[in-house]
Amino acid sequence: MTNATPAEFIVDMTPSGAITARHFASAGVASPLLVLAHGAGADQRHRWMVDMARRISARGVDVVTFNFLYTEQHRRTPDR
């Protein structure tokens with residue numbers, strides 16, 4: 001399992017704001033990509049999300065996690 005630091009980037013959601021996303025790269029050259037969303041109780045930096053993204057990327061799948069806009073804006077209620 002890789003312990004590499006994921007690459008973090010910003011996704012512009014204009015006009016609503018921006019969200020952060022993280023890319024957990026696999027060792028493969030032409031790897032499939034999984035976009036992994038967090039649940040309502042935690043964000044993309046939760047230890048379960050990070051561990052799962054690392055485990056999946058160690059199996060040859062690139063993983064991108066992200067925070068929903070409500071999480072980035074520090075709101076407790078998900079968007080409708």
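User: What should I know about the model before reading any values?
Analyst: It is a predicted model, in which local features need pLDDT of at least 70, side-chain atom pairs count only at pLDDT 80 or more, and totals for chains, interfaces and linings use all residues. Residues are numbered from 1 along each chain as its sequence is written, and side-chain values use heavy atoms, with hydrogens and water left out.

User: How many helices and strands does the chain have, and what makes a run count as one?
Analyst: The chain has two helices and four strands. Helices are DSSP runs of H or I with at least four residues, strands are DSSP runs of E with at least two, and both are numbered from the N terminus. From that end the order is β-β-β-α-β-α.

User: Why is L34 called partly exposed?
Analyst: Buried means under 20% relative accessible area, exposed over 50%, and partly exposed in between, with a 1.4 Å probe and protein chains only. L34 has 32% relative accessibility, so it counts as partly exposed. L34 belongs to strand β3, residues 33-37.

User: Why is H74 called exposed?
Analyst: The relative accessibility of H74 is 73%, so it counts as exposed. H74 is found in the segment after α2 (69-72).

User: Why is strand β2 said to be largely enclosed?
Analyst: Strand β2 covers residues 18-24, and five of its seven residues are buried, so the rest of the structure largely encloses it. For the chain, buried residues are 29% of the 80 residues.

User: How do you know that β2 pairs with β1 and with β4?
Analyst: Two strands pair if DSSP finds at least two bridges between them. Strand β1 (residues 7-12) is joined to β2 by six bridges, in the antiparallel sense, and F9 stands opposite A21 in β2. Between β2 and strand β4 (residues 62-66) there are four bridges, also antiparallel, and H23 has V64 in β4 as its bridge partner.

User: What lies between β1 and β2?
Analyst: The hairpin of β1 and β2 has five residues between the strands, and in this hairpin G17 takes a positive phi near 140°. P15 is placed in the loop between β1 and β2.

User: What is the form of the peptide bond from T14 to P15?
Analyst: The bond from T14 to P15 is cis, with omega near 10°. Most peptide bonds are trans.

User: What makes a set of residues a nonpolar core, and which is the largest here?
Analyst: A nonpolar core is a set of buried Ala, Val, Leu, Ile, Met, Phe, Trp, Tyr and Cys residues joined through side-chain atoms within 4.5 Å. The largest has six residues: F24, L36, M49, V50, A53 and V63. Helix α1 (residues 47-58) gives the most to this core, three residues. Apart from it lies another core of five residues, including A21, V64, F66 and L69.

User: How do you know which residues V63 and L34 touch?
Analyst: Contact means heavy atoms within 4.5 Å. Not counting residues up to four places away in sequence, V63 touches R22, H23, F24, L33, L34, L36, A53, I56 and S57. With neighbours within four places left aside, L34 is in contact with I56, V61, D62, V63 and V64.
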